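This report describes the fold, the backbone geometry and the surface of one model. The sequence and the structure come next.

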Amino acid sequence: MSSQHEARERVTTSPDWYEPYAISLGIRTGNLLFVSGQAGFDETGTTVSPDFDAQARQTFANLKRVLEEGGSGLEHVVKVTIFVTDISVIDQVIALRREFFTLPYPADTIAEVRALARPDWKIEIEAIGLIPDS
């Protein structure tokens, strides 16, 4: 019995804000792109604001950048997992989903968690995107 080995390609940005933590921003395999959780920080790793909306918008900007670096885009996302530290922001999350994603909206899990990797983070989003045929 033979097994096939699918190539994996690491997606990076410059700077790669996850490099110090031994985490890939994304991994391409076949026509799929798996994006690690993105949060509301800038390229230096500084949280952009204590405000939820500002963090969420930066989170989507970071997600978009990694998707595009990997050959995908927000319009090609098929699955997201959204972690928030306060579920009372659910209406804001839904509004942001409508703003940043297009029909058909991606499959989604939204979960409240006690904490994220940094105590000042309020939202983190991980995603799976399709890589369209060139």
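## Loops, sheet and pocket

Pro-15 is found in the loop between β1 and β2, where helices (H or I, at least four residues) and strands (E, at least two) are DSSP runs, numbered from the N terminus. This is a predicted model, in which local features need pLDDT of at least 70, side-chain atom pairs count only at pLDDT 80 or more, and totals for chains, interfaces and linings use all residues. Residues are numbered from 1 along each chain as its sequence is written, and side-chain values use heavy atoms, with hydrogens and water left out.

Pro-15 takes part in a cis peptide bond with Ser-14. Another cis peptide bond runs from Leu-103 to Pro-104. The table lists both.

| Cis peptide bond | Omega | Place of the proline |

Ala-22 is not a glycine, yet its phi is positive, at about 60°. Its relative accessible area is 76%, so Ala-22 is exposed (buried means under 20% relative accessible area, exposed over 50%, partly exposed in between, with a 1.4 Å probe and protein chains only).

The strands form an open sheet of six with mixed pairing, in the order β1-β2-β3-β6-β4-β5; two strands pair if DSSP finds at least two bridges between them. β1 (9–11) and β5 (107–112) are the edge strands, each pairing on one side only. On average, neighbouring strands of this sheet are turned by 15° against each other, direction ignored. Axes are lines fitted to C-alpha atoms, for helices over the stretch in contact, and angles run from 0 to 180 degrees between N-to-C directions.

β6 (residues 123–130) runs antiparallel to β3 (residues 32–39), and six bridges join the two. Within this pair, Val-35 stands opposite Ala-127. β6 also pairs with β4 in the antiparallel sense, over seven bridges. There, Lys-79 has Ile-128 of β6 as its bridge partner.

Helix α1 (residues 52–69) lies across β1, β2 (26–29), β3, β4 (77–84) and β6, and runs at about 155° to β3.

In the loop between β2 and β3 lies Asn-31. With a relative accessible area of 44%, Asn-31 is partly exposed. Beyond its neighbours within four places in sequence, Asn-31 is in contact with Gly-129, Leu-130 and Ile-131, contact meaning heavy atoms within 4.5 Å. Asn-31 and Leu-130 are 99 residues apart in sequence, while their C-alpha atoms are 5.7 Å apart in space.

The largest pocket has a volume of about 220 Å³. Of its 14 lining residues, Trp-17, Tyr-18, Tyr-21, Arg-118 and Trp-121 lie nearest the centre. A pocket is an open set of points on a 1 Å grid over the protein atoms alone, where a 1.4 Å probe fits, with protein on both sides within 12 Å along at least five of seven lines; lining residues have an atom within 4 Å of a point. Grid points are joined across faces, edges and corners, and a volume is the space filled by probe spheres set on the points. By class, the lining has eight nonpolar, three polar and three charged residues, with Ala, Val, Leu, Ile, Met, Phe, Trp, Tyr, Cys and Pro counted as nonpolar, Asp, Glu, Lys and Arg as charged, and the others, Gly among them, as polar.
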